[in-house]
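Dear colleague,

Please find below the structure that I am handing over to you. I would be grateful if you read the notes after it with the model open.

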Amino acid sequence: MNAQHNPPLSAGNKQARRSFRSKLKERWESPVAGYLFISPWLIGFLVLTLWPMFLSVYYSFTDYSLLEAPNWVGMKNYSLIFGNDSVFAQSLKITLLFVVLSVPLKLASALLVAMLLNKEIKGMGTYRLFIYFPSLIGTSIAVAILWRNMFGADGIVNRIIGFFGIKGVNWINDPDTALSTLVILVVWQFGSSMVIFLAGLKQISRDLYEASSVDGASKLKQFFAITLPMLSPILLFNVVLQTINSFQMFTQAFVITQGGPVNSTYMYALYLYDRAFGRLQMGYASSLAWILLLIIGAATALIFLSSRYWVFYEHERKGKA
Amino acid sequence: MNISLSKRTWKRHLLLMGSSFAMMYPVFWWIGASLKTNSEMGSPSLFPGAPQWRNFIDGWTAIPNYSFTHFYISTFELVFGVVLVSLVSCSLVAFGFARLDFPLKKIWFGLVLVTLMLPSQVTLVPQYVMFNAFGWVNTYLPFWAPSALGVGVGGSFFIFLLVQFIRGIPRELDESAKIDGCTYFGIYWRIVLPLTKPALVTVGIYAFLWNWDDFFGHLIYINSVDKYTIQLALRLFMDTQSAMEWGQMLAMSLLSIVPAVIIFLLAQRHFVEGIATTGIKG
């Protein structure tokens, strides 16, 4: 409507103004607007992430206690941690054990169930809902209370295994079993890894399976020759994600076992928390935090390095062929 | 052929039923146990002898001076604040990354992804020192402020998810709006934001759930019972009970997951899509 009524001169004028404006926009407006739009995150990143990281490095070389100003102590915290701190060694050992046990078990369960779910059959939505449900309630205290009750000396778990003639143990108060109750809890919550696997499985072409069936390959062979290689990038992603998360396990160990018995579930994050907020040794805790970061970084790097041997990217195969 | 096929489907159904049962048994048992007496607690039976509805009534007021009504109100105050500011800040930032060109953009966006993987322990102590100096300890500001700056619980994840989503919206819409003289903020507000609704719902859901479930943050920053959230109240309940009232405790725990379950059932699709497309967390 407007365009018809506008005199030609005005339209040309508008055109010229527009092109000038768009040039100006390209030069200035976009960068300025861009920085304005990302400014909340940029400020947050600089003030609440980057600056605290620098401070944390600094604190790790001090005896900072929150109540008094920090004094530079050089490498003292680090040499104490590596030389004299048997609790550090214990918590690191427990945490590594926890990671090594929980990540493979969780991912194996997730993959198995994802493969079961990767088919259009009746009631799929309900199955998926039920299987995902435990992950939904995640790290809440509610689940920790449930677990404490179920794995208690008179808990339901002992009753059930007693029914099969196995003598129950005091899961939570026995140093030999306390860690496994935590492992079972996190394995139970494999839902989000499963959803990621499921998305990956749906990407694998049906043709591959059909072709290999014609060639007479067994289901097991198909799993190792098709499913696993095709899924390996997703597997890598899940392994990295779960490893990073498991290293930082805190809430369940804090509530269910409180690190005990005899420090058998004294996770690294728990120890760090006790040093920082129990004893207010902020400097020492910062050193612990940086050691944790380096360990997680090293573990991630190791996984990525090893992935050259077991992760298979389709475009590489096409390139070689 | 047909027979063997249906046989295979049956096997799959059986396995899936088995796994569903194993996964849900603790939850069903939990519901039953919340209505049991302490002496019935060890029974694997899902059903209580006589349902103890008192568990819910007594549990609700079991913590002296404060009923759970108070804790729910506090938690909603904290969580809704976080959800609101997260939606505003993360959508603004995501629009900037997805639609505008500016120097160093790749580096900044790379840093968003790096912080996604950064263990929170590294910034924990200095952040605490900082918020303590601001006098923010025992308020909800240590939760609201970082979320308002897109670096709260799940912040980088939300930005990443929204950037991915906005990239999928056709750019022609922006271009035509630009020609009509729309400002960048206008494009964000009138064109991109309405189309980003599904992703915003996903972000809102995750922000709600993760902050509802967050325990560590609450544990560190909130120290008066008056300001306690549900998670802290439950732990207090567990610690102060000398003669463990398991029925009451399980009843209150069960109630504490109800908001999460309702949201999950209402928005299941958003959930699964959120995880499947970006695949972080959990």
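The notes below describe chain B and its domains.

This is a predicted model, in which local features need pLDDT of at least 70, side-chain atom pairs count only at pLDDT 80 or more, and totals for chains, interfaces and linings use all residues. Residues are numbered from 1 along each chain as its sequence is written, while chains are lettered from A and ligands numbered from 1 in the order in which they are written.

Chain B contains 14 helices and zero strands; helices (H or I, at least four residues) and strands (E, at least two) are DSSP runs, numbered from the N terminus. The C-alpha trace of chain B spans about 75 × 70 × 35 Å along its principal axes. Of the 282 residues in chain B, 43% are buried, that is, 20 or more other C-beta atoms, placed from the backbone, lie within 10 Å of their own.

Chain B is divided into domain 1 (2-59) and domain 2 (60-277), with bounds from an automatic or database domain assignment. The C-alpha centres of these two domains of chain B are 32 Å apart. In chain B, 14 residues of domain 1 are in contact with eleven residues of domain 2; contact requires C-beta atoms, placed from the backbone, to lie within 7 Å. On the side of domain 1 of chain B that touches domain 2 of chain B, helix H1 (2-33) and helix H2 (54-60) each supply at least two residues. H2(B) gives the most to this side, with five residues.

Yours sincerely

Key. Two residues are in contact if their C-beta atoms, placed from the backbone, lie within 7 Å. A residue is buried if 20 or more other C-beta atoms lie within 10 Å of its own, exposed if 12 or fewer, and partly exposed in between; C-beta atoms are placed from the backbone.
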